[in-house]
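I opened the notebook on this protein today and set down what I looked up, in the order in which I looked.

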Amino acid sequence: MKKILSIVLATVMVFSCLSVLAFAGTTQYYRDGIFEFYIKDGGAHIVNIRIPSSPSTEVTIPLSLCWDDDKKIDAPTNASIPDDDNDAPDPFGVNYAFVTALDSQALNNYEKTITKLSVARYVEELDMDALRAPTLKSIEVDDQNTTYASYNGTLYNAAKTKLILHPIASSDNSILSSVTSFAPYAFQDCSLVTSLTIPAGVTAIPERCFEGCTALTSIDMSAAPIGNIGTYAFLNAGLQSVTFGSNIKLINSYAFFNNASLTSVTIPQSAKNVVLKAGAFLGCPIENFKVYRSIAEIGAKAIGYYYDDELTLQKYEDMIITSYKYNADKSATNSIYNYAKSDDFKFIPLDDIFSLTYTYEQVDGYDATMYLFKGETKKYTLQSDNGVFTATDMAAGTYDVYIVSQFGLTIKAEPVKIDTADFQEEYTATTDVYEPIGDVTRDGKINVNDIAALLTEGIYMSDNPNYDIDKDGVVGFGDTSIVLAAANYGKYADSFPEEFTTPTLPL
């Protein structure tokens with residue numbers, strides 16, 4: 001029974017193959033000027049465009065083509081055969097068909113010369129392989145086309161919600177804000193694109209979308225709710241840093257493979273259950289991989305590895321992973337910690353968010369800046385929000401604290417100690433040591449003498465940083481205004497405690 005069934009199946013396959021061959025043999029090709037095509041579903045499908053007697057770097061797909069019997073040919077013509085017909089479509093004929101498609105090899109004769117392609121009104125099928133000529137700079141689409149549209153030479157769908165193809169030779173860095181998706185390979189080998197901003201409606205980056213974008217050093221995904229990065233999406237790109245948004249869920253295998261300049265990757269604290277597939281960042285010289293409690297799974301060789309010139313897998317010995325050591329319930333170590341441990345990478349626990357607040361009457365509620373120092377080195381600069389400073393990702397340690405008000409007062413507060421454990425701490429600054437920025441004469445007071453110093457010596461000593469109070473690089477009325485504000489502000493303006501000193505501080 002099995003033998004009989006095998007014979008029947010073999011017979012069916014033979015007849016199927018013969019049917020396919022017979023069908024292929026019935027395809028009738030036509031030539032109208034330089035265009036060679038066949039008719040399908042009432043439309044003309046261009047399969048070859050011959051080089052005209054007067055070559056051009058711009059190709060226009062015609063609205064329609066003639067296909068009467070005088071135009072029959074056995075097969076598309078090789079480009080080396082001279083064009084003995086009229087270059088333009090024949091205006092006289094029996095049958096006409098609107099051009100509806102451009103097949104994959106239609107532009108082979110123009111692969112190294114074409115710079116612009118114009119698409120006619122009724123074209124509804126463009127084979128993307130035909131549009132990947134390395135010289136193509138622009139694709140223009142008839143405004144009445146209901147399938148495609150173009151903007152700045154880039155191909156979109158008619159609604160301009162999907163970016164289909166960015167020409168390889170185009171240096172345009174714009175993406176329409178209406179875009180919600182990209183076609184796979186949309187920017188493949190676009191080596192002139194340098195920076196891009198992903199629109200707010202995009203939720204995924206498809207496979208190989210930015211492959212080979214070697215000049216693409218910056219891509220801003222912060223406004224887009226991107227949840228999925230496709231396989232090889234940024235293969236061999238030129239990215240230097242990547243910061244994901246809170247919606248990121250899946251970074252597929254080899255998504256950023258061999259970005260030879262990619263040294264910084266940040267996955268935000270708000271992201272949850274992120275999966276990194278095998279080799280996601282393989283070949284990227286990342287020095288510090290910074291994550292929160294967001295990694296649910298991490299694949300083999302996802303970070304910290306590269307291939308040498310002989311394609312031998314190597315490891316970055318100085319790789320640092322900055323993350324939390326424990327899960328939220330502190331019952332078990334997480335995936336990123338286990339990865340660091342098993343691959344012998346350095347692991348540094350990351351501190352939680354903490355807030356710093358101050359209660360000084362003279363600065364509370366006004367714009368101010370807080371500086372955190374270790375010795376004479378400024379480590380962090382924080383801006384206030386109605387009197388509250390908030391910092392994230394601070395390294396463990398003890399810092400000297402200085403608060404600078406908009407009125408020119410510098411307040412040296414008590415040191416703040418940041419522990420390595422997770423915590424949220426309210427810090428209240430208390431101190432009796434003040435340094436007035438407006439004390440130009442360094443006599444412990446802000447008064448008319450400081451104004452005089454600015455108006456006489458200061459305006460002629462712009463290279464003296466002691467006189468450039470507002471740190472704008474010049475000495476002028478802005479500095480004088482600060483001194484006047486500080487001198488007239490309050491009880492600390494004209495006199496200070498007896499123990500007051502004005503230390504040199506590199507703010």
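Which are the buried residues of helix 3 (residues 448–455)? I found D450, I451, A453 and L454 as the buried residues of helix 3, where buried means under 20% relative accessible area with a 1.4 Å probe and protein chains only, exposed means over 50%, and partly exposed lies in between. Seen down the axis of helix 3, these residues fall within an arc of 160 degrees, so they line one face of the helix; the arc is that of the directions from the helix axis to the C-beta atoms. I noted beside this that an α-helix has 3.6 residues a turn, so residues three or four places apart point the same way.

Before going further I recorded that this is a predicted model, in which local features need pLDDT of at least 70 and side-chain atom pairs count only at pLDDT 80 or more, while totals for chains, interfaces and linings use all residues. Residues are numbered from 1 along each chain as its sequence is written, and side-chain values use heavy atoms, with hydrogens and water left out.

Next I turned to the strands. I counted 4 helices and 36 strands in the protein, taking helices (H or I, at least four residues) and strands (E, at least two) as DSSP runs numbered from the N terminus. Strand 1 (residues 29–32) pairs with strand 6 (residues 72–73) in the antiparallel sense over 2 bridges, pairing being called where DSSP finds at least two bridges between two strands, and Y29 stands opposite I73 in strand 6. Strand 1 also runs antiparallel to strand 2, to which 4 bridges join it. The hairpin of strand 1 and strand 2 has 2 residues between the strands, and G33 takes a positive phi near 65 degrees there.

I then looked up E36, which lies in strand 2 (residues 35–40). Leaving aside neighbours within four places in sequence, I listed residues in contact with E36 (heavy atoms within 4.5 Å), among them Y30, H45, I73 and T77.

Last, I noted that 45% of the 507 residues count as buried.
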